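Here is a short briefing to read alongside the coordinates. Have the sequence and the structure open as you go through the points below.

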Amino acid sequence: MQQNHTGCSQRCLENKYSLPKDTLKKWWTVYNLKGPEGLKLRHFKRKFTVDFKLRVINYYLNNDVSMSKVAAPHNLLCSQISIWLKLFMEGGSEALKSKKKGRPSKMSKMTKKDARKILKKESNEIAALKSELRQTKMERDILKKSLILFGPSKLRRKQ
């Protein structure tokens, strides 16, 4: 059984802090490889290149070591390597490329120039419609006035 610098073994730490054996083993390996820096929490999501993923998979496949032995030096989870391996087996290196998250945009990407053209076209349409509305309102008002001036008296005379 290995002991740390304070003289406490892995089993002692497992019992003292009620930790799962696998968790403590992983922490122990990371600590021995990278020191205290390896155990610090990350407050950001790491992104891995396809090349890095391929190197990790290649190392796992070509060396007779467990996934945990491959994962520890890179501060990865075994499950992450397992996922990469499965993706690689199913779709090759293309499957290891990062994909955009979330729902795809329904709007097509347009340039500022295209947007200006569309905006100008719509403003011209709005101006034309406003002009047509103004003309229609004037015609309606003229018809109303003509009905007031001429309409009712002619109808009454014919009856």
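A residue is called buried when its relative accessible area is under 20%, exposed when it is over 50%, and partly exposed in between. By that cut-off, Leu24, Trp28 and Val30 are the buried residues to look for in helix α2. Please keep in mind that this is a predicted model.

**The chain overall**

- The protein chain contains seven helices and zero strands, so its pattern along the sequence reads α-α-α-α-α-α-α.
- Of its 159 residues, 16% count as buried.
- Among contacts in the chain with a separation of 6 or more, 49% are between residues 24 or more positions apart.

**Helix α2**

- Helix α2 covers residues 21-34, which is 14 residues.
- From first C-alpha to last, α2 reaches 20 Å, close to the 20 Å expected at 1.5 Å a residue.
- The buried residues of α2 pack against α1 (10-17) and α4.
- Glycine 35 follows α2 and has a positive phi, near 75°.

**Helix α5**

- Which residues of α5 are buried? They are Ile81, Trp84 and Leu85.
- These three cover an arc of only 100° around the axis, and therefore sit on the same side of α5.
- The face turned away from that buried side carries the exposed residues Lys86 and Glu90.
- Helices α3 and α4 (67-74) are included in what covers the buried residues of α5.
- After α5 comes glycine 92, with a positive phi near 70°.

**How α3 and α5 pack**

- A pair of packed helices is described by two quantities, the angle between the axes and the distance between them.
- For α3 (residues 50-62) and α5, the angle is about 95° and the axes are 10 Å apart.
- Why do α3 and α5 count as roughly perpendicular to each other? Angles of 65 to 115 degrees count as roughly perpendicular, and the angle here is about 95°, so the label applies to α3 and α5.
- On the α3 side, the contact is made by Phe52, Lys53, Leu54, Val56, Ile57, Tyr60 and Leu61.
- On the α5 side, their partners are Ile81, Trp84, Leu85, Phe88 and Met89.
- The residues of this contact divide into 11 nonpolar, no polar and one charged.

**Leucine 54**

- Leucine 54 lies in helix α3.
- Its relative accessibility is 28%, so leucine 54 counts as partly exposed.
- Leaving aside residues up to four places away in sequence, leucine 54 touches Phe88, Ser93 and Leu96.
- Leucine 54 and leucine 96 are 42 residues apart along the chain, and their C-alpha atoms are separated by 8.3 Å.

**Alanine 95**

- Where is alanine 95 placed? Alanine 95 is in the loop between α5 (78-91) and α6 (112-149).
- Is alanine 95 buried or exposed? Its relative accessible area is 18%, so alanine 95 is buried.
- The C-alpha atoms of alanine 95 and tryptophan 84 are separated by 8.6 Å, and these residues are 11 apart along the chain.

Definitions and conventions
Residues numbered from 1 in each chain as written. Predicted model: local features only at pLDDT ≥ 70, side-chain atom pairs only at ≥ 80, totals over all residues. Heavy atoms only, no water. Helix = DSSP H or I, 4+ residues; strand = E, 2+ residues; numbered from the N terminus. Buried < 20%, exposed > 50% of the residue type's maximum accessible area, 1.4 Å probe, protein only. Axes fitted to C-alpha atoms, helices over the stretch in contact; angles between N-to-C directions. Parallel < 35°, antiparallel > 145°, perpendicular 65-115°, else oblique. Contact = heavy atoms within 4.5 Å. Nonpolar A, V, L, I, M, F, W, Y, C, P; charged D, E, K, R; others polar. Arc of directions from axis to C-beta. Expected span 1.5 Å × (residues − 1).
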